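Thanks for coming, everyone. Please look at the screen while I talk.

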Amino acid sequence: MAQSVEKQILKSIYNHKRGKIFFPVNFSKYGSSTAVRQALNRLEDKEILQRLARGIYLFPKKHKTLGTLYPTLEEVALAIAKRDKARIIPTGLYALNKLGLSTQVPMNVVYLTDGSPRKITVGKGSIKFKPAPAKLLGARNDKMILIIQALKHIKKDNITKHIQQTIAKHLITVPIEDTNHDIKLAPTWIRDLLTNC
């Protein structure tokens, strides 16, 4: 006798570590989209899965003191990008935080993407995907994109010695051929700044 859609999904879930993010498409081979959605709803009711947002589920990892350990907005965004086979680029405050230029962890993060533009609410925060300029997607190095996005957010007149020193430390980790390629994608003032870092 064939196993139910729910049992097959459950078996698949238990093959992964706790903390894994799932989407209905991960289980499409087990039944129709309606059957999969209903099975996921039942697994949510049984507290085996936790819904993070519409169509996004967590196989929760529990901590004795802290309770459920939720993924970061970045982990959710990366999981969505992987599912959609899309590229994502952090912007604004989030880019600053990633480079250590800000200790503030934004509750609402914005990514540029070559995937579908949309906004997803996750808990008290949100992830917004905006269309990325084709030029920027031609970059070779993710660190270089991050640096360019962070500097765009800071703006030319707010660049301090400390910011320049921090950027210089990051630039050392980027292969010179990537730097030479990606620097051409930046506005002139950022190009000049990076050349002199």
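Predicted model: local features only at pLDDT ≥ 70, side-chain atom pairs only at ≥ 80, totals over all residues.

Let's start with helix α6, residues 161-172. How many residues does α6 have? It has 12. At 1.5 Å a residue, α6 should span 16 Å. Its end C-alpha atoms are 17 Å apart, which agrees.

Now, which residues of α6 are buried? They are I163, T166, I167, H170 and L171. Here, buried means under 20% relative accessible area. Look down the axis of α6. The buried residues fall within an arc of 140°, so they line one face of the helix. An α-helix has 3.6 residues a turn, so residues three or four places apart point the same way.

What about the other side of α6? There, K161, H162, K169 and I172 are exposed.

And what do the buried residues of α6 pack against? Three helices: α5, residues 142-154, α7, residues 176-182, and α8, residues 188-195.

Next, the cores. The largest nonpolar core has 21 residues. Which of them have the most contacts inside this core? L101, L151, I167 and L194 do. Helices α4 (92-98), α5, α6 and α8 each supply at least two residues of this core. The largest share comes from α5, with 7 residues.

I167 is then in contact with L99, L101, I147, L151, L194 and C197.

A second, separate core has 20 residues. L58, V76, I88 and Y111 are among them. Remember Y111.

Now the pairings themselves. Strand β6, residues 88-90, and strand β7, residues 108-113, pair in the antiparallel sense over 3 bridges. Strands β7 and β9, residues 125-131, run parallel, joined by 6 bridges.

Back to Y111, in β7. What does Y111 pair with? Its bridge partner in one direction is P90. Y111 also stands opposite F129 in β9. And Y111 belongs to the second core.

That is my tour. Questions, please.

Definitions and conventions:
Residues numbered from 1 in each chain as written. Heavy atoms only, no water. Helix = DSSP H or I, 4+ residues; strand = E, 2+ residues; numbered from the N terminus. Expected span 1.5 Å × (residues − 1). Buried < 20%, exposed > 50% of the residue type's maximum accessible area, 1.4 Å probe, protein only. Arc of directions from axis to C-beta. Contact = heavy atoms within 4.5 Å. Pairing = 2+ DSSP bridges. Core = buried A, V, L, I, M, F, W, Y, C linked by side-chain atoms within 4.5 Å.
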